[in-house]
Amino acid sequence: MTKTMDLEYGKPIGKKFNIRTAMEEASRCLLCHDAPCSNACPAGTDPGKFIRSLRFRNIKGAAETIRENNILGGSCSLICPHSKLCEEACSRTGIDKPIKIGALQAFLIEQEKTLGMKILKAPKEKKDGKIACIGSGPASLACAAKLALEGYNVTIFEAEEKPGGVLTYGINPSRLPQEVVEHDIEIVKELGVEFVMNKRIDGKEGIKELKRQFDAIHVGVGLGKSKVIGNKNINGVVNALDFLKDVKENDGKIDVEDHVIVIGGGDVAMDCAITAKQVGAKDVCIVYRRTIEEAPANIEELRLVQRMGIPIITQFAPEKINEENNRLIGVRFKSKDGYSELNLKADKLIFAIGQEPAQDYKDFKVSDGVFASGDLINGGETVVQAVAEGKEVALEIIEYLSKKEVK
């Protein structure tokens, strides 16, 4: 029988390292010459180097390695799929178990903040050229930081009230506390990047207007629209992004329905189920159309869901949403075998089956002076992948500006 657990909304998951336990964990590192863990990090955070520094008690040097390579080192330490990337590649795996790279990274970023380290500094002399970044999610933050470190003037335009994109509005704070996100973003601001909030840039026309003022534009708006099957206008049917955003903006203080069904098998689906349980839903379950082995969610997320007593029903897909007077009362599912059915009572149905571009960016294409990275281009990958792409596009912009007569 699965043991259930209580977890308050916003209460951090798992135990943190302290200096003693961090040093003990770092001492397990084999100090590989060509560290496979570093080669496995899309953003080049270089865990092999920062663990080596930590092992020799150089905490500042370790924190410098993280922040210099990954501007979102704090956020990534908590939400990266380490078990599929750096930790899976760890040489220690063949002996007993991998080094807890993510937890060590989180410890070092916490030390950076506690000790008031100022690691990154933008050059005093500015280079010619102004760049606009549309959206303030991981890709834009990484791109803007790289450009600012090279001496360029960068302005980020964000449609929402707070910066961060999915980091701020789309991830359960038990996994990613808002103060960690704010610390990462504050470092970007300290580099001189200007943030313009509550300013939506509407697709082609908005980009056209920005091109009159800026020498290059980076589009990092992500996938701002959730996919929904069936009639989304039924009272009680919502998409994952809207649900998570609503809870986050109200600090978990919302009235949630008793019977909640989440459709999907990824991290977002797990986040929705965990969040619904945390804010008071009595009955929460996840329904996924494939097998549990095919679910894209991280193993840590799946384990947490199970520990919270949330069932995951596999190989069933929604066939009909049942309603009375336009209010959700249940959902009928069809099995993968083609004839089995499942009828579940529900007064809240959350679709977490993926995202797509907002309407005004649906047919977006890069063009002269207009660049893009992140989920809008890759279709929805990890935060660390968005960071990697943001850094790469920054280099492309720098090369473009070197050949262009700037304003």
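The questions and answers below concern a predicted model.

Colleague: How many salt bridges does the structure hold?

Modeller: Side chains of opposite charge can pair when their charged atoms come close. Counted over this predicted model, the number of salt bridges is 23.

Colleague: Which residue meets Arg28 in a salt bridge, and which parts does the pair tie together?

Modeller: The side chains concerned approach to 3.1 Å, N to O, and the partner of Arg28 is Asp96. Arg28 lies in the loop between helix H1 (19-26) and helix H2 (36-39), while Asp96 lies in the loop between helix H6 (86-89) and helix H7 (101-114), so the pair ties together parts that are 68 residues apart in sequence. The partner asked for is therefore Asp96, and the parts joined are the H1-H2 loop and the H6-H7 loop.

Colleague: Which residues are linked with Arg28 and Asp96 in a network of salt bridges?

Modeller: The pair of Arg28 and Asp96 belongs to a network of salt bridges that also takes in two other residues.

Colleague: Are Glu301 and Arg175 buried or exposed?

Modeller: To count as buried, a residue must have under 20% relative accessible area. Glu301 and Arg175 are both classed in that way, and the answer for the two of them is buried.

Colleague: Which residue forms a salt bridge with Asp360, and where does that residue lie?

Modeller: The closest N and O atoms of the pair are 2.9 Å apart, and the partner of Asp360 is Arg200. Asp360 lies in the loop between strand E14 (355-356) and strand E15 (370-372), so the pair ties together parts that are 160 residues apart in sequence. Asp360 is partly exposed at a relative accessible area of 27%, and Arg200 is partly exposed as well, at 44%. The residue asked for is Arg200, in the loop between strand E3 (194-196) and helix H11 (203-210).

Colleague: How many of the 12 residues of H8 are buried?

Modeller: Helix H8 covers residues 138-149 and reaches 17 Å from its first C-alpha to its last, close to the 16 Å expected at 1.5 Å a residue. The buried residues of H8 include Pro138, Cys143 and Leu147, and Leu141, found in helix H8, is buried with a relative accessible area of 0%. H8 is mostly covered, and of its 12 residues the number buried is 10.

Colleague: How many Å apart in space are Leu141 and Lys189, C-alpha to C-alpha?

Modeller: Leu141 is found in helix H8, and Lys189 is 48 residues apart from Leu141 in sequence. In space, C-alpha to C-alpha, Leu141 and Lys189 are apart by 9.7 Å.

Colleague: Where is Gln315, and what is its phi?

Modeller: Gln315 is placed in the loop between strand E9 (312-314) and strand E10 (316-324), and Gln315 is partly exposed, with a relative accessible area of 32%. Although Gln315 is not a glycine, its phi is positive, at about 65°.

Colleague: Is Tyr339 buried or exposed?

Modeller: Tyr339 is found in the loop between strand E11 (327-335) and strand E12 (341-345). Exposed means over 50% relative accessible area, and with a relative accessible area of 64%, Tyr339 is therefore exposed.

Conventions
Residues are numbered from 1 along each chain as its sequence is written. This is a predicted model: local features need pLDDT of at least 70, side-chain atom pairs count only at pLDDT 80 or more; totals for chains, interfaces and linings use all residues. Side-chain values use heavy atoms; hydrogens and water are left out. Helices (H or I, at least four residues) and strands (E, at least two) are DSSP runs, numbered from the N terminus. The expected span of a helix is 1.5 Å times one less than its number of residues. Buried means under 20% relative accessible area, exposed over 50%, partly exposed in between (1.4 Å probe, protein chains only). A salt bridge is a side-chain nitrogen of Lys or Arg within 4 Å of a carboxyl oxygen of Asp or Glu.
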